[in-house]
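Subject: Structure for you to look at

Hi there,

Here is the structure I promised to pass on.

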Amino acid sequence: MNGSGSVARSHLEVEEWLRASLPDAWVACVDAGRSPGSASRYPDFDEAAWLAEMFDRRYLMASWPAVYGGLGWSPEMARAAFEALSRYEVPLPLYVTSLLLAGHGLLQHGTAEQRHRFLPKMATASEIWCQLFSEPEAGSDLASLRTRAERDTAGWVVTGQKVWSTWAHFARWGLLLARTGTAESRHRGITCFVVDMESPGIEVRPLRQLTGDASFNEVFMDQVPVDDSMRLGGVDEGWNVARSVLQAERGELGQRRVGGADIHRLIDRHRGKAGPEARQRLAARYAQERILGWMAWRGYGRGLEAQAVKLLRAEANMALQSLAVSLEGPRAGARDGAEAETAEIVYGFLRSRANSIAGGTSEIMRNVIGEQLLGLPREPRPAAGAGGPER
Amino acid sequence: MRRTIFTEEHELFRESVRTFIEREAVPHTDRWERDGLVDRSFWEKAAAAGFVGFEAPTAYGGLGVRDFRFNAVIDEEMMYASAVGDGFGMANDIMVPYLLDLTDDDQKSRWLPGFTSGSLIAAVAMSEPQAGSDLRAIAATASRDGDCYIVNGTKTFITSGLQADLVVTVVRDTEAGGQLSLLAVERGTPGFERGRKLDKVGHRAQDTSELFYSDARVPCANRLGEAGKGLGYLKQNLPQERLSMAVTAVAAAEKALQITMEYCRQRKVFGQPVGSHQANRFTIAEMLAEIARERCHVDRCIQAHVDSELTAVEAAAVKLTASELQFQVVDRCLQLHGGYGYMDEYLISRLWRDARVQRIYGGTSEIMKEIIGRDAGF
Ligand SMILES: Cc1cc2nc3c(=O)[nH]c(=O)nc-3n(C[C@H](O)[C@H](O)[C@H](O)COP(=O)(O)OP(=O)(O)OC[C@H]3O[C@@H](n4cnc5c(N)ncnc54)[C@H](O)[C@@H]3O)c2cc1C
Ligand SMILES: Cc1cc2nc3c(=O)[nH]c(=O)nc-3n(C[C@H](O)[C@H](O)[C@H](O)COP(=O)(O)OP(=O)(O)OC[C@H]3O[C@@H](n4cnc5c(N)ncnc54)[C@H](O)[C@@H]3O)c2cc1C
């Protein structure tokens with residue numbers, strides 16, 4: 001299936017299902033060009049059941065081949081499906097990102113056996129994945145990571161520590177980067193593995209973040225056995241996997257806001273009340289959000305340009321959430337204010353602070369754009385051996 | 001740059017304040033944050049050391065020293081030590097003018113000894129659910145019944161609301177044609193209730209709460225100043241409140257930058273300290289330069305206030321620029337900490353959370369701009 005006819009058909013199919021499965025009031029909001037707001041506003045809406053059906057229909061993983069649990073749609077058709085989901089502002093759990101990334105890694109670098117084994121359960125979200133990349137001493141400078149994977153007769157034994165691992169506390173599988181080369185080998189001595197999070201020797205400790213909740217973790221690995229069949233890509237070739245996964249992550253982060261109120265919802269909230277200054281600021285944010293929305297729907301931001309879109313999206317969302325909180329005024333000083341919506345806005349503001357850090361910091365985005373996309377001179381590297389690619 | 005507003009006396013005072021905070025506040029910071037309350041015993045110790053209400057005449061337990069530089073020293077040292085709680089700013093910078101300048105002798109002898117000994121905590125309640133920026137929208141009422149006022153209404157966002165023993169409450173006085181009056185409402189007044197402690201983004205160690213008045217009987221002898229002159233009194237005291245926030249803001253920015261520079265020296269990325277990457281070096285340089293500029297602005301305003309020259313517009317301007325700078329600085333500092341900055345246990349994440357409200361309370365940044373802009377004739 002290909003061509004614009006099938007694109008229109010896929011869009012129609014998803015849209016029909018959305019109209020049938022979402023509450024009428026929700027659909028009416030979308031038709032009126034307003035934001036439906038969060039799912040909690042619809043007491044009769046069974047979000048969990050709805051999500052289960054959406055995963056069952058594979059609309060998020062529509063571009064994956066059917067044998068791996070997708071629909072085998074062309075990228076254009078899959079994007080049309082995603083566009084429909086975005087337009088109806090359906091609730092997508094944040095772990096969707098981690099599934100799409102791990103899926104991307106497997107599709108690009110996995111063996112047929114690995115794909116058969118993991119992708120179908122990923123497509124239905126029946127197994128959650130986490131990303132075990134960052135370490136206490138290796139975040140932006142990911143190529144300096146130290147977690148070691150040593151050969152042994154049965155395969156590999158992994159020892160080390162990871163940090164900020166989102167969802168590790170309920171993930172079934174982890175995508176791990178470990179050092180297999182010498183300590184100085186940087187990106188030339190890293191291998192990627194799939195780790196069973198239920199293996200002996202793994203300890204997951206939740207970390208409290210600035211929002212007060214704990215959705216990321218420290219992961220300690222002590223002599224964790226990993227079979228060689230769980231290696232993704234060649235030995236010492238894990239950097240290729242890391243790059244393509246990070247690239248995909250930035251693509252994803254450019255598509256969707258992480259944390260906080262949507263611009264339409266904010267406008268609804270202040271309609272009829274906003275003074276001239278607030279109106280100006282809302283209008284400016286509206287323009288920015290619309291443009292980002294169109295970019296996402298059109299699929300901009302693939303390849304190296306993903307960093308540009310990620311950077312824009314991060315900064316736009318932080319500005320948007322910052323405006324949301326400003327417009328709440330003093331009410332926003334209190335998190336449990338009389339109104340649930342105020343509390344949600346405050347939470348979104350706190351959550352959005354991570355946007356310029358997670359998935360690669362804004363500074364790193366600018367470096368990659370400057371050096372790799374624009375071909376500007378590289379940042380001077382002082383110490384020999386310390387150079388090499390950035391995240 | 002050397003600061004020029006302080007004398008040796010202030011520096012000695014600073015030493016003793018610093019020692020006191022290190023010993024009595026810093027070790028309890030985490031617990032106070034967790035409990036959402038600063039121990040009252042801390043407050044009594046601070047008062048015994050002469051750091052509370054020292055402007056009161058000696059006859060009432062104070063030192064009789066009215067020099068805002070001493071206030072500033074305490075505010076700054078609290079920030080430099082990263083101690084928590086808004087008690088000093090509330091008591092010395094905000095409440096003192098109400099309790100000293102608007103009280104008669106009888107009221108002074110009833111309240112000041114407790115205030116200066118730390119056994120009486122005071123608060124001011126202006127804001128209401130429907131009246132914050134717009135004080136003219138205040139709806140709480142007081143009507144006369146014999147030698148009492150009958151007070152009805154709701155106040156919100158009241159700092160020290162739970163612990164306060166005396167709440168200076170702004171009401172519409174029906175006797176005074178609906179103009180505002182200030183009534184000191186004491187703990188235990190029938191019909192005066194406290195709501196829950198509000199769960200805040202920052203300043204978690206400070207109790208901020210709602211207050212409810214339903215037919216609360218407040219003796220007329222508890223009115224501060226003249227009936228119906230409340231708005232004027234508030235306007236008279238707001239400049240010092242705003243200056244206090246500016247003092248805190250620039251000190252908080254200095255502190256945040258200091259810990260961030262340490263972090264940027266220690267943590268290495270790509271083989272060199274975080275701060276040695278030119279982009280970050282520039283970010284740090286900008287912050288140093290901007291803080292130096294704001295430091296001069298704030299110091300000049302402190303001196304102007306000591307000389308009784310600080311105008312309401314100047315106070316609004318310094319509150320605006322200092323609190324906005326504080327937020328921009330802590331935000332950039334958090335960024336320089338990377339993922340660690342987003343973790344609760346790192347100090348910078350608390351400094352970031354605590355900074356947000358500075359652009360709100362004491363009058364929002366937008367209201368500061370209104371004050372400045374209107375004064376300019378627009
Ligand atoms: C909410 C959240 C969720 C996360 N989830 C995951 C996850 O699931 N899995 C995972 O593996 N990781 C995850 N991360 C980690 C994230 O990818 C890292 O925090 C990020 O890459 C930054 O690394 P770092 O924290 O070590 O900061 P550092 O690398 O120490 O950076 C410190 C500061 O230095 C700056 N800097 C670094 N290098 C340069 C340079 N060359 N030039 C200029 N400035 C530079 C940075 O921009 C930053 O401001 C998550 C982080 C957050 C906040
Ligand atoms: C932690 C905390 C502690 C506090 N402690 C105290 C206390 O101890 N005692 C006390 O009395 N109060 C206290 N306050 C209240 C604070 O001083 C007031 O809330 C604030 O001055 C205005 O509040 P509001 O709810 O009416 O804001 P609103 O007037 O509803 O403001 C909402 C938004 O509209 C903007 N806005 C309002 N008017 C205009 C305009 N004309 N032009 C443009 N924009 C405008 C504001 O800037 C804000 O962004 C505290 C607040 C907090 C958060």
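Predicted model: local features only at pLDDT ≥ 70, side-chain atom pairs only at ≥ 80, totals over all residues.

A polar contact here is a pair of N or O atoms within 3.5 Å; within protein, one of the two must be able to donate a hydrogen and the other to accept it, and residues adjacent in sequence count only if both atoms are side-chain atoms. By that rule, twelve residue pairs are in polar contact across the interface of chain B and chain A, both residues of each pair being at pLDDT 80 or more.

**The interface between the chains**

Let me stay with the two chains for a moment. Chain B puts 35 residues in contact with 49 residues of chain A. The area buried between chain B and chain A comes to about 3,500 Å², and carbon and sulfur atoms give 58% of that. Which three residues supply more than any others of the area that chain B buries against chain A? They are B:Phe270, B:Gln335 and B:Tyr342, with 27% of that area.

There are also charged pairs to look for: three salt bridges are counted between chain B and chain A. One salt bridge joins A:Arg208 to B:Asp344, with the closest N and O atoms 2.5 Å apart.

**Ligand 1**

Ligand 1 lies between chains A and B, with 31 residues around it. Those that come nearest are A:Ser140, A:Thr361, B:Arg267, B:Gln335 and B:Gly339.

On the chain A side, a polar backbone atom of A:Ser134 is 2.8 Å from an oxygen atom of ligand 1, and a polar side-chain atom of A:Thr166 is 2.7 Å from a nitrogen atom of the ligand. From chain B, the side chain of B:His277 has an N or O atom 3.3 Å from a nitrogen atom of ligand 1. How much of the accessible area of ligand 1 does the protein cover? On its own the ligand has 980 Å², and the protein covers 97% of it.

**Ligand 2**

The site of ligand 2 is shared between chains, because residues from both A and B surround this ligand. There are 21 residues around ligand 2, and the ones that come nearest are B:Met126, B:Gly132, B:Phe157, B:Thr159 and B:Thr364.

A polar backbone atom of B:Met126 is 2.7 Å from an oxygen atom of ligand 2, and an N or O atom in the side chain of B:Thr364 is 2.6 Å from an oxygen atom of the ligand. B:Glu366 likewise has a side-chain N or O atom 2.7 Å from an oxygen atom of ligand 2. Of the 1,000 Å² of accessible area that ligand 2 has on its own, the protein covers 77%.

**Domains within chain B**

Chain B is assigned domain 1 (8-120), domain 2 (123-228) and domain 3 (231-375). The C-alpha centres of domain 1 and domain 3 of chain B lie 22 Å apart, and each of these domains gives 21 residues to the contact. Together they bury about 1,900 Å², with 61% of it on carbon and sulfur atoms. From the domain 1 side, B:Phe68, B:Met79 and B:Tyr80 supply 31% of the area buried against domain 3, more than any other three residues.

Six residue pairs are in polar contact across the interface of domain 1 and domain 3 of chain B, both residues at pLDDT 80 or more. One salt bridge is counted there; B:Arg295 and B:Glu76 meet in a salt bridge at 3.9 Å, N to O.

**Domains within chain A**

In chain A, the division is into domain 1 (3-92), domain 2 (129-237) and domain 3 (256-373). The centres of domain 1 and domain 3 of chain A, taken over C-alpha atoms, are 23 Å apart. Here 14 residues of domain 1 are in contact with 13 residues of domain 3, and the buried area is about 1,100 Å², of which carbon and sulfur atoms give 49%.

One salt bridge is counted between domain 1 and domain 3 of chain A. The side of domain 1 that touches domain 3 has two nonpolar, six polar and six charged residues.

Definitions and conventions: Residues numbered from 1 in each chain as written. Chains lettered and ligands numbered in written order. Heavy atoms only, no water. Domains from an automatic or database assignment. Contact = heavy atoms within 4.5 Å. Buried area = accessible area lost by both parts, 1.4 Å probe. Salt bridge = Lys/Arg side-chain N within 4 Å of Asp/Glu carboxyl O. Nonpolar A, V, L, I, M, F, W, Y, C, P; charged D, E, K, R; others polar. Near = heavy atom within 4 Å. Areas by Shrake-Rupley, 256 points an atom, 1.4 Å probe, with all protein chains shown as cover.
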